[in-house]
Amino acid sequence: LLKYRKIFGGNMKKFLLIVLLPFTLMVNAAANYVYGEYWTANLEIDDSTEADVTGGELGFHGGVGNMYFGSSAQWGTAEWDDYSVELDFAAWTVEGGYAFSDIADGAFILGARYVDTVIENPLGGDNFEDSEVDPMIGYGKMSGEGVDYVMTYSDSYFQGRLMFPFGENLTASASFGLDDGDTRFGVGIAFKY
């Protein structure tokens, strides 16, 4: 994490707000998860250029009644072997939506996703920053019993997260993402409360 201090530096308040805010919003939910994850991705820039990306993620997602809410902070490094280039980055995501029935039983979700990304400038100048808000659709089950999951689609990016219980409050977390030939897979551990 120390290597990402330059990226997180001025954004630590944003990191804490995005990761901790959900605790106050979803205190009565049937299933809230706080998770940590290691992930890897393969990005296809064009037909001849690919980048390998590895990183970590801390986040939250939960649901209660007709509400779904998720947030995460990600960091990682993208490597282009053809060009011997490495770029560090950080991303913050907040998403939420309305579930058309009780999300504990499984429901379609309609909402929005906000993503804020910071990429380190390899030349030492100001970092590159971008943010956007896009509509989101999905389906999820957040009951706290058995396997819980959320699948969402936003801005041509399809992602899914599954929680497999192996203790009273501990679960294994698995995630995947697809976007125009790009793939992402992650594994981690989560705490249900």
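Start by selecting strand S3, residues 67-80: with seven residues, this strand gives the most to the lining of the largest pocket. Keep in mind as you click around that you're looking at a predicted model.

Stay with that pocket for a moment. The space inside the largest pocket comes to about 1,200 Å³. A total of 47 residues line the pocket, and to find its centre, pick Gln74, Ala91, Val115, Thr117 and Tyr157, the lining residues closest to that point.

Next, show the side chains of glutamate 37 and arginine 161. They make a salt bridge, with 2.8 Å between the closest N and O atoms. Colour strands S1 (residues 31-46) and S8 (residues 157-165) too: Glu37 sits in S1 and Arg161 in S8, so this pair, 124 residues apart, links distant parts of the chain. In the whole model, the salt bridge count is six.

Last stop, the surface. Select Glu44, Glu50, Asp52, Glu79 and Glu86, which gather there in a patch of negative charge. Glu86 belongs to strand S4, residues 85-99.

Technical notes
Residues numbered from 1 in each chain as written. Predicted model: local features only at pLDDT ≥ 70, side-chain atom pairs only at ≥ 80, totals over all residues. Heavy atoms only, no water. Patch = residues over 30% accessible without salt bridge, like charges linked within 9 Å, V, L, I, M, F, W, Y side chains within 5 Å. Areas by Shrake-Rupley, 256 points an atom, 1.4 Å probe, with all protein chains shown as cover. Salt bridge = Lys/Arg side-chain N within 4 Å of Asp/Glu carboxyl O. Lys, Arg positive; Asp, Glu negative; His and termini not counted. Charge placed at Lys NZ, Arg CZ, Asp CG, Glu CD. Helix = DSSP H or I, 4+ residues; strand = E, 2+ residues; numbered from the N terminus. 1 Å grid on protein atoms, 1.4 Å probe; cavity = no way out; pocket = protein on both sides within 12 Å on 5 of 7 lines; lining within 4 Å. Points joined across faces, edges and corners; volume = space filled by probe spheres on them.
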